[in-house]
Amino acid sequence: MQNKHLLKLLDLSREEIYEILDLADQLKYERKHNIPHEILKGKTLAMIFSKNSTRTRVSFETGMFQLGGHALFLANSVSQIGRGEPVQDTTRVLSRYCDGIMIRTYDQEEVEGLAAYGTIPVINGLTDFAHPCQVLADLMTIREYKAKLEGLKICYIGDGNNMANSIIVGGLKCGMDVSIATPKGYEPDQRVLDFAKTVTDAKFFLTNDPMEAAQGADAVFTDVWASMGQEGEKAEREHAFVGYQINDRLLSVAKPDCMVQHCLPAHRGEEITEEVLEAHANEIFDEAENRLHAQKAVLALLMR
């Protein structure tokens with residue numbers, strides 16, 4: 001990778017995304033066949049969490065262990081970050097102790113600030129703007145099932161949030177057609193929509209009609225209607241997102257072998273039905289597993 005950090009998929013080229021996916025495939029194979037790969041032996045990753053997590057913490061911490069390194073969990077409640085220490089001071093200190101930083105937080109600007117003032121790689125574990133590690137795992141999973149990415153159509157139904165933003169960027173950069181269906185007022189970030197206008201070798205389509213978006217899709221994505229920090233909007237969002245559900249009716253217009261992907265945790269009966277989630281559980285939980293392998297590839301490429 002030419003990039004020193006993974007801050008958002010907008011920063012990566014198609015070649016860099018494929019480099020990550022290819023290494024992720026290799027590391028997954030080696031893990032399944034008990035082939036050790038202590039690429040980061042003796043190295044330490046600082047993990048900053050302003051948002052709660054299951055998959056992000058477990059996959060990064062486990063991944064560092066499998067790569068021969070060590071991960072430090074830093075929650076706001078147990079660090080000076082939570083007491084208001086400036087980002088530029090935190091990253092200067094961690095740069096002298098550790099070999100990399102992963103952060104899961106709210107503002108994209110905080111991640112960019114860590115990278116600007118530090119001297120070690122910074123990985124975006126999630127912000128309100130982007131979820132690059134999740135979408136790398138999604139792309140890895142689709143390629144496992146479909147044997148390719150270019151020329152496929154992927155569809156996202158729901159809130160135009162960090163997942164929608166990263167799916168648009170990751171999909172288009174890999175030569176996939178991307179369709180998005182959101183309620184009015186919940187569209188993806190304008191920076192992402194502006195990027196989509198520059199893509200010439202793949203199609204992008206934004207609509208308020210989920211059935212239109214899902215037409216002929218090879219893979220359909222969704223996410224919860226109210227993410228962390230939006231709990232106060234829950235009732236309003238439940239009303240706005242009526243009809244934006246992955247169910248049998250919606251999948252009837254997708255391709256017969258259409259995959260379903262969900263970044264989890266899922267609110268069964270809201271953005272996805274119980275029946276659809278269970279019918280597609282293998283690919284959804286393969287997707288969750290692939291967070292481990294995709295992130296190990298990112299760690300190895302940035303920190304070795």
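Select the five strands that make up an open sheet, which run in the order E7-E6-E5-E8-E9 and pair in the parallel sense. At the edges you will find strand E7 (204–207) and E9, each of which pairs on one side only, and from one strand to the next the twist averages 15 degrees. Keep in mind throughout the tour that this model is predicted.

Then move to strand E5 (residues 153–157) and E8, where a parallel pairing extends over four bridges, and where Ile-157 can be found opposite Thr-222 in E8. Continuing across the sheet, you reach E8 and strand E9 (residues 259–262), which are also joined in the parallel sense over four bridges, with Ala-219 standing opposite Met-259 in E9.

Now show the side chains of strand E8 (residues 219–222): which residues point one way, and which the other way? Ala-219 and Phe-221 point one way from the strand, while Val-220 and Thr-222 point the other way, and all of them are buried.

**The four-stranded sheet**

Select the other group of strands, in which four form an open sheet in the order E2-E1-E3-E4, again with parallel pairing. Here the edge strands, each pairing on one side only, are strand E2 (70–75) and E4, and neighbouring strands of this sheet are turned by 20 degrees against each other on average, when direction is ignored. If you pick out strand E1 (residues 44–49) and strand E3 (residues 100–104), you can trace five bridges in the parallel sense between them, and in E3 the bridge partner of Ile-48 is Ile-103.

**A buried threonine in a loop**

From strand E4 (122–126), go on to the loop that lies between this strand and helix H5 (132–146), and select Thr-127 there. Is this residue buried or exposed? Because its relative accessibility is 0%, Thr-127 counts as buried. Leaving aside its neighbours within four places in sequence, Thr-127 is in contact with Thr-105, Tyr-106, Asp-107, Gln-108, Val-111 and Asn-162.

**Helix H12 and two helices that meet it**

Finally, select helix H12 (residues 281–303) with helix H1 (residues 14–32), which pack at an angle of about 115 degrees with their axes 8 Å apart; H1 passes H12 in a right-handed crossing. Among the residues of H1 that meet H12 are Leu-23, Leu-27 and Arg-31, and those on the side of H12 include His-293, Ala-297 and Leu-301. By class, this contact of H1 with H12 has nine nonpolar, two polar and six charged residues.

The contact includes Phe-60 and Met-64 of H2, and Leu-292 and Leu-299 of H12, and its residues divide into six nonpolar, six polar and three charged.

Methods: Residues numbered from 1 in each chain as written. Predicted model: local features only at pLDDT ≥ 70, side-chain atom pairs only at ≥ 80, totals over all residues. Heavy atoms only, no water. Axes fitted to C-alpha atoms, helices over the stretch in contact; angles between N-to-C directions. Left-handed = near helix turned anticlockwise from the far one by under 90°. Contact = heavy atoms within 4.5 Å. Nonpolar A, V, L, I, M, F, W, Y, C, P; charged D, E, K, R; others polar. Buried < 20%, exposed > 50% of the residue type's maximum accessible area, 1.4 Å probe, protein only. Pairing = 2+ DSSP bridges.
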